[in-house]
Amino acid sequence: MPEKIPWPFTRLYDRGPNRFFTRWFQRIASDVRERGITGNILDIGTGPGRLPIEIAKQVKDARLFGVDLSQDMIKIARENAGMEGIGDRVEFRMASAYATGFESGSMDLVVSTETLHHLAKPLAAFNEIYRILKPGGQAWLFDGRKDASKAEYEETARMLGIVDLPLPYRFFKTMWPRAHTGYKTEVYTTGKLGKAIETSPFKKAKYIKQGAYIRIELKKH
Ligand SMILES: C[S@@+](CC[C@H](N)C(=O)[O-])C[C@H]1O[C@@H](n2cnc3c(N)ncnc32)[C@H](O)[C@@H]1O
């Protein structure tokens with residue numbers, strides 16, 4: 001999987017699959033609100049920016065940031081925030097997961113969806129997340145699992161609101177394993193990603209299977 005999504009796939013991604021993720025992003029945003037997390041929140045590999053936009057809508061006293069390697073994704077994200085009328089509360093910058101450009105100890109929460117499987121240097125990303133988090137700050141990293149069962153696919157499709165839409169559901173079931181080739185659950189827990197977390201200053205993580213996804217929670221003590 002290449003790291004950066006280039007134009008014109010940026011535009012196809014924004015108009016296609018990413019729109020179906022809105023309910024997922026709203027759910028993550030509700031979780032941020034319910035857990036009372038405020039302050040500075042950064043989304044890594046933000047793509048079209050819909051996750052920080054949804055968090056900004058639900059968590060009024062948070063300042064949202066998004067970084068992505070792709071200049072065109074950043075342009076799309078800014079346009080999307082502008083259309084939602086919250087361009088002043090969400091800031092998008094072109095930057096890498098390995099060197100985000102934020103000050104050490106400046107973030108209350110780091111989030112990321114569908115980006116871990118793109119990273120060529122996951123350890124560098126975990127080190128960077130640790131550096132920019134405040135003590136006590138958390139990271140919630142979500143990504144797909146190639147080995148999800150039929151029931152788990154259905155659970156996620158229900159959550160996304162596509163279980164009764166034959167075309168999007170078929171697209172999801174066909175494309176999901178392809179997009180996550182090489183990313184079975186153990187890659188995240190004990191394999192390449194899990195080992196990188198153990199080597200990083202986080203040392204350990206909480207792994208939660210949610211439908212076709214995995215949610216990895218990290219905490220800076
Ligand atoms: C599949 S998209 C996910 C976008 C969005 N988070 C979502 O869930 O729809 C992965 C994004 O990660 C970005 N990306 C990949 N490697 C990156 C890196 N090293 N640093 C920052 N962004 C990266 C890509 O350009 C792309 O926009």
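Tutor: Before we look at partners, a term is needed: two strands are said to pair if DSSP finds at least two bridges between them. With that in hand, and keeping in mind that this is a predicted model, let us take strand β4, which spans residues 107–113. Strand β4 is mostly covered, since 6 of its 7 residues are buried, while in the protein chain buried residues make up 40% of the 221 residues.

Strand β4 has a partner in strand β1, residues 39–44, which runs parallel to β4 and is joined to it by 3 bridges. Another partner is strand β5, residues 133–144, and here β4 and β5 pair in the parallel sense over 6 bridges. If you look for L109, you will find it standing opposite Q138 in β5. To get from β4 to β5, the chain passes through helix α6, residues 122–132, and this β-α-β crossover is right-handed.

The ligand also belongs in this picture, for T113 is among the closest of the 20 residues that surround the ligand, together with G45, G47, A97 and E114. The shell around the ligand divides into 7 nonpolar, 9 polar and 4 charged residues.

Finally, stepping back to the whole, the protein chain has a radius of gyration of 16 Å, which agrees with the value near 17 Å that a compact globule of 221 residues would have.

Methods. Residues numbered from 1 in each chain as written. Predicted model: local features only at pLDDT ≥ 70, side-chain atom pairs only at ≥ 80, totals over all residues. Rg over C-alpha atoms; globule rule 2.2 N^0.38 Å. Buried ≥ 20, exposed ≤ 12 C-beta atoms within 10 Å, placed from the backbone. Near = placed C-beta within 6 Å. Nonpolar A, V, L, I, M, F, W, Y, C, P; charged D, E, K, R; others polar. Helix = DSSP H or I, 4+ residues; strand = E, 2+ residues; numbered from the N terminus. Right-handed = clockwise from strand over helix to strand, strands pointing away.
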